Amino acid sequence: MSTISWLTARGLFGRRRFLLLLPLPLLVVGLAVLARWAGVSPTHWGGPVLVGLGLAVVLPVVALIVGTGVLGSEIDDGTIVHILTKPLPRWQIVLPKLAVAIGVTAVTVAIPLYVAGVLAHSVRLGLALAAASAVGAVAYSALFLALSLVTRRPVLLGLVYVLIWEGLLGNYVSGTKVLSVQQYVVTIADRIAPTSMLSAEVSVPVSIVMTVLIAAGFTALAITRLRTFSMAGETS
Amino acid sequence: MTTVDLSGVSRWYGNVVAVNDISMTLGPGVTGLLGPNGAGKTTLLHMMAGFLAPSRGTVTLDGAPTWRNPDVYRRLGLVSEREAVHTFLTAYEFVLASARLHRLPDPEDAARRAIELVEMAPAQDRRIGTYSKGMRQRTRVAAALVHDPQVLLLDEPFNGMDPRQRLHMMELLHRLGDAGRTILFSSHILEEVEQVSGTVQVIVAGRLAASGDFRTIRRLMTNRPHVFAVHSSDDRRLAVALMAEPSVTGVEIDRTGLTVRAGDYGSFTRALPKVALASGIRVRRLLPSDESLESVFSYLVEA
C-alpha cells in the first residue's frame with residue numbers, strides 16, 4: 001500500500017466524518033429485512049429500496065462524502081501542503097487517493113445492496129447491484145474528487161448534482177439521463193440481472209462508454225488542477 | 001551551493017497587488033523576511049515554494065522554476081504558517097511518511113535523524129494531537145528537513161511559541177544556517193529577526209524596502225526622527241524651552257497640545273523631564289505617536 005493511500009485511509013477513518021457513512025447503508029439493509037419480515041411482496045418494495053434509496057441516494061451520497069473527503073479535507077485543513085511538498089508527479093497523488101475513494105465507496109455500498117438484492121429477489125440480483133454500484137463508485141469518486149479541486153464547496157455542488165440533476169431533472173427531463181451516472185448504474189445492474197424492479201433508460205454501450213469517459217475525464221481534470229494548486233496567503 | 005533567485009517578481013489578486021516587483025537572491029545562511037502583517041511575506045514565500053505562480057517575473061531554485069515543478073522539493077523544504085498536521089499520526093509516523101514520500105533509501109533512519117535534530121525523540125510515539133504548539137512546529141520542521149534539503153522556508157515559525165520554544169527554534173535555525181543551508185524565515189517581529197539572522201529582507205506593502213545586514217538597517221530604524229505628542233500645564237512655554245534643545249528638530253502647537261519632532265529618541269526622552277523641571281512646567285502626557293511597526297517600516301521605505 002502506498003504511503004499516500006495509507007495516509008488517505010488513516011485520514012478518512014480518523015475523522016468523525018467517517019461515521020456519516022454508516023447510517024445510509026444500514027437503512028437499506030434494515031428496510032429490506034423489515035419488508036421481508038413483514039412479508040411484503042418484493043415487487044412493492046424492491047424498486048423504491050434498491051433503486052430509489054440504494055442506487056439513487058446511498059451510492060452517490062457515500063461517494064460524495066468519501067470522494068470529497070480524500071483530498072478535500074486535506075485542502076480544508078491545510079495538511080495537503082505536506083503531500084504537495086514532495087517530488088512526486090501529481091498523478092501519483094491523485095490516483096492512490098482515487099483508489100481509496102473508490103474502494104471505500106464500493107465496499108460501503110456494494111455490501112448492503114448485495115444483501116438487499118438477495119432479500120428482494122436472488123443472489124444474482126444481489127451480485128448485479130454490487131457490481132453496478134462498484135462501477136458507479138468509480139465514476140462518482142472521480143467526479144467528486146475533481147470537484148474538491150475545482151470548487152471550495154464540493155459537497156454543496158455535489159449535492160446539487162445528485163439531488164437536482166440526477167434526482168429531479170432525471171425524472172422529468174429525459175435528455176438529462178444521458179448525463180446521469182445513476183442511469184448508467186441502473187442500466188448495468190439491469191443488464192446483469194434483468195428484473196421488473198430495475199428499468200433501464202439508457203443503452204448499455206452508452207452507459208459503459210459514458211462511465212469510462214466520466215472517470216477518465218475527471219481524473220485527468222483532478223491531476224491538472226493539482227499541478228497548479230495555489231495557496232492563498234492569509235490576507236487574501 | 002543552492003540559491004533561490006527572485007527576479008522582478010510581482011503577484012496580484014485582481015486589482016490588489018500583493019507583491020510588487022521584488023528581486024532578491026538568497027544564499028546559504030539564515031535570512032529573515034521582515035515586514036508588517038499583510039505586507040506580502042506569505043505570498044512571497046508561497047511563490048518561492050512553488051505554491052503560487054508569479055503574475056510577473058521568475059522565481060527559480062538553482063535556475064529551475066519552482067512553479068509547476070515538483071522536482072524542486074528534492075532540495076527545498078517548507079514549513080507553512082498554518083499549523084496543519086495529521087493529528088491522528090504520531091510524530092514518528094508523520095516524519096516517516098514524509099521520508100517515504102521523498103523515496104529516501106532508508107526512510108526509518110532519516111525519520112529518526114530528523115526527529116533527533118529537532119529534539120522530539122522523547123515524544124515521537126505520541127499522537128500529534130496531544131502536542132503543544134511548539135512541539136507541533138518542531139515536528140513540522142522535522143518533516144520538512146527529513147530529506148536534508150539545501151533550502152528551508154519557514155513562514156512565521158515563532159508564532160505562538162513560548163520563549164523557551166522560541167529560543168530552541170532559533171538555535172536550530174542557527175545550526176542549520178551555519179551548516180551551509182539556505183534558510184529563510186518570515187516574521188513581523190523585529191526582535192526575532194535580530195536574534196536569528198544577520199541578513200534581512202524587509203518588505204512593506206508588497207515592496208522590498210530594505211535588504212542587507214541587519215545592524216545597518218537597525219541603525220536606520222533607531223536614528224530615524226521620532227514624533228511625540230506632549231501635553232503640559234503650559235504648552236507654549238514648554239515649546240519655547242524645548243526649541244533650545246539640540247535633540248528637538250521641530251515643535252508644533254495646537255489646541256490639543258504640542259507635537260514635538262525629535263532627531264533621536266534617547267536624548268529627547270532624557271531632556272524633556274529636565275527642561276520641564278527647570279521651567280516649573282508639569283508634563284501631563286507624553287505619547288510617542290509613531291511607534292507602530294508599520295511606521296518604522298514606512299520610514300524605511302522613504303529612507
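**Entry 1: a hairpin in chain B**

I began with strand 1 and strand 2 of chain B, which form a hairpin with two residues between them. In the turn, G14(B) has a positive phi of about 60°. I noted that helices (H or I, at least four residues) and strands (E, at least two) are DSSP runs, numbered from the N terminus. Strand 1 covers residues 4–13 and strand 2 residues 16–26; the two run antiparallel and are joined by seven bridges. Two strands count as paired if DSSP finds at least two bridges between them. I also looked up D5(B), and found T25(B) of strand 2 opposite it.

**Entry 2: basis of the model**

I recorded that this is a predicted model, in which local features need pLDDT of at least 70 and side-chain atom pairs count only at pLDDT 80 or more, while totals for chains, interfaces and linings use all residues. Residues are numbered from 1 along each chain as its sequence is written, chains are lettered from A and ligands numbered from 1 in the order in which they are written, and side-chain values use heavy atoms, with hydrogens and water left out.

**Entry 3: domains and sheets of chain B**

I read the domain assignment of chain B, which gives domain 1 (4–221) and domain 2 (225–302); such bounds come from an automatic or database domain assignment. The centres of the two domains, taken over C-alpha atoms, are 41 Å apart. In UniProt, an unreviewed entry lists "domain: ABC transporter" at residues 4–230 of chain B. UniProt positions are given in the numbering used here, feature names are shortened, and annotations may be inferred rather than shown by experiment. I found this span to be 33% helix and 30% strand.

Next I traced an open sheet of six strands in chain B, with the order 6-7-8-3-9-10 and mixed pairing. Strand 6 (76–79) and strand 10 (207–213) stand at its edges with a single partner strand each, so one side of each has no neighbour in the sheet. The twist averages 15° from one strand to the next; axes are lines fitted to C-alpha atoms, for helices over the stretch in contact, and angles run from 0 to 180 degrees between N-to-C directions. Strand 9 (residues 199–204) pairs with strand 10 in the antiparallel sense over six bridges, and V202(B) has A210(B) as its bridge partner in strand 10.

I then followed an open sheet of four strands in chain B, ordered 12-13-11-14 with antiparallel pairing. Its edge strands are strand 12 (248–254) and strand 14 (283–288), each pairing on one side only. Strand 12 and strand 13 (residues 257–262) share six bridges, and I253(B) stands opposite L258(B) of strand 13.

**Entry 4: chain A**

I consulted UniProt again: its unreviewed entry places "transmembrane region" at several spans of chain A, including residues 50–72 and 154–173. Residues 50–72 are 96% helix and 0% strand, with end C-alpha atoms 29 Å apart. Residues 154–173 are 95% helix and 0% strand, with end C-alpha atoms 25 Å apart.

Which side chains meet E201(A) in a salt bridge? I found K177(A), at 3.5 Å, N to O. A salt bridge is a side-chain nitrogen of Lys or Arg within 4 Å of a carboxyl oxygen of Asp or Glu. E201(A) lies in the loop between helix 9 (181–192) and helix 10 (204–227), and K177(A) in the loop between helix 8 and helix 9, so the pair ties together parts that are 24 residues apart in sequence.
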